[in-house]
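Here is a walk through a structure, one step at a time. Keep the view open as you read.

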Amino acid sequence: MANYYDVDDIITEEENISVIFQKAVNGVGIDPGSEKNCVEQGSKVELPFWLASELCLRNTVVAQVPACFDEKTRLEVQADPACVDLRSRSPYFYEFGCKVAPVTGDRTIGFLLFSAFKSRYKEVLTKAHTAANVANPKFLSRLTKEEVHLYEAAQSSMAAFKKWRKGGPRLQPASVLRMKRKSTN
Amino acid sequence: MYGRKACQLVKEFATSEKEQLKTFNDDLFDQVIKECGSHNLGFQSLVRKMQDEGLDTQTARNGDFYGALIHHLSLVRNKRCLMAYMYNRAEVIRGLRWKLGRVLPEEIVKKLSNSEKDYLKGYSGALETYMNDMNLELTVDMVPPKDPYIKVRVLEDIGEVLLTDKSANLARHSMHFLKRTDAEPYISQGLMEELLS
């Protein structure tokens, strides 16, 4: 598993998802609603995704589509994908959606993610290439982590291209001095 | 419990900037390990309960089984979070060794745990043995320079130093015309700066 040590993957899997227990469970205090240390059959609990998906595999629970992929988000994405604040839904919107889709059996999530990403990708790249050194905080606060990575990659490649064209100072002092300034912080 | 503290540890690592380390969070790390202990106890007691009732733990699927399953999954999750924390920190440390050389600045060293300090020493030793055997200096700049000599200004007092072709007194604010390979380790540690004229 290439993602075992991946920090983003671990945090994505911590997102909560609502499940309904199909079987009763003893000896675990995971349901805040029950007084005893157990979960009743048919009770609805919010579990982290890593637990919910494993229990789904063993048919212990049935997972429901999380709130970040609800009707409201779908309508907003249809209307104008570039302006939708996906980070408030979930900073790992796309990764979480990809994981949730097979677990809940919802086939429309894929289309939602694809259309949202397609439109926003164009927006991210144009903003990254034109904004140059000025970071646009309002725009960035609407992007998910993956989109922010894309934005930063585009900006750094733009900066590298400009530096190459300018023919600036040799490689050695730049990267090393920046490292020094970083390490003294 | 149930992986929340462990995820907190990973999130703390994620919030630090790229290639920067925060102080090793001994406290949270130990708390997660304690939680693993309590999950283990819960697991053992449920399994014992099933065995006392005469059920076969491999095939029986009752409430106790699912409880034990959840404890087991929490343990595996805690393990993953702890390992990811250590692994990613080790990766940063290796990167620092390549960028800054054998002696890391004091601010960085005090953020490392004891085992990380040992790891750095071992890694550094292995790298140096390899470089000595190959007779190659691998940690220098990858881009071939246009000029083998560069002009530098010394930023901090280093004193009398023996370089490849001569010995020089590297006093503060003095300027020298040194070979790139000699100057590079000092520049990367921030003790000198290159003069571009």
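Start where the two chains meet. This is a predicted model, and the contact draws 49 residues from chain B and 38 residues from chain A. Three residues stand out on the chain B side. Y2(B), Y66(B) and R80(B) supply 18% of the area that chain B buries against chain A, more than any other three residues. Taken over both chains, the buried area is about 4000 Å². Carbon and sulfur atoms give 64% of that area.

Which elements of chain B give two or more residues to the side that touches chain A? They are helix 1 (4-15), helix 2 (26-52), helix 3 (63-100), helix 4 (106-109) and helix 6 (180-188). Helix 3 of chain B gives the most, with 20 residues. Sorted by class, the side of chain B that touches chain A holds 22 nonpolar, 10 polar and 17 charged residues.

Now look at the charged pairs. Across the interface of chain B and chain A there are five salt bridges. One of them joins the side chains of E13(A) and R77(B), at 3.8 Å from N to O. Over all chains, the whole structure has 17 salt bridges. E13(A) sits in the loop between helix 1 (7-12) and strand 1 (16-21) of chain A, and R77(B) sits in helix 3 of chain B, so this pair joins two chains. Are these two residues buried or exposed? The cut-off for buried is under 20% relative accessible area. E13(A) has 14% relative accessibility, so E13(A) counts as buried. R77(B) has 3%, so R77(B) counts as buried too.

R77(B) has another partner. The side chains of R77(B) and E14(A) form a salt bridge at 2.9 Å, N to O. This pair also crosses between chains, from helix 3 of chain B to the loop between helix 1 and strand 1 of chain A. Both R77(B) and E14(A) are buried.

Next, take chain A by itself. Chain A has nine helices and five strands. Along the sequence, the pattern reads α-β-β-β-β-α-β-α-α-α-α-α-α-α. Chain A has 185 residues, and 39% of them count as buried. Among its contacts between residues at least 6 apart in sequence, 64% join residues at least 24 apart. Chain A exposes about 10300 Å², with 56% supplied by carbon and sulfur atoms.

Chain A also holds a salt bridge of its own. The side chains of E76(A) and R89(A) meet at 3.0 Å, N to O. E76(A) lies in helix 3 (residues 71-79) of chain A and R89(A) in helix 4 (residues 86-89), 13 residues apart. E76(A) has a relative accessible area of 28%, so E76(A) is partly exposed. R89(A) is partly exposed as well, at 21%.

Finish in chain B, at K111(B). This residue lies in the loop between helix 4 and helix 5 (114-134) of chain B. Its relative accessibility is 22%, so K111(B) counts as partly exposed. K111(B) and T23(B) are 88 residues apart in sequence, yet 4.0 Å apart in space, C-alpha to C-alpha. A polar atom of the K111(B) side chain lies 3.4 Å from the backbone oxygen of L21(B).

Note on methods. Residues numbered from 1 in each chain as written. Chains lettered and ligands numbered in written order. Predicted model: local features only at pLDDT ≥ 70, side-chain atom pairs only at ≥ 80, totals over all residues. Heavy atoms only, no water. Helix = DSSP H or I, 4+ residues; strand = E, 2+ residues; numbered from the N terminus. Buried < 20%, exposed > 50% of the residue type's maximum accessible area, 1.4 Å probe, protein only. Contact = heavy atoms within 4.5 Å. Areas by Shrake-Rupley, 256 points an atom, 1.4 Å probe, with all protein chains shown as cover. Buried area = accessible area lost by both parts, 1.4 Å probe. Salt bridge = Lys/Arg side-chain N within 4 Å of Asp/Glu carboxyl O. Nonpolar A, V, L, I, M, F, W, Y, C, P; charged D, E, K, R; others polar. Polar contact = N/O pair within 3.5 Å; in protein donor to acceptor, adjacent residues only side chain to side chain.
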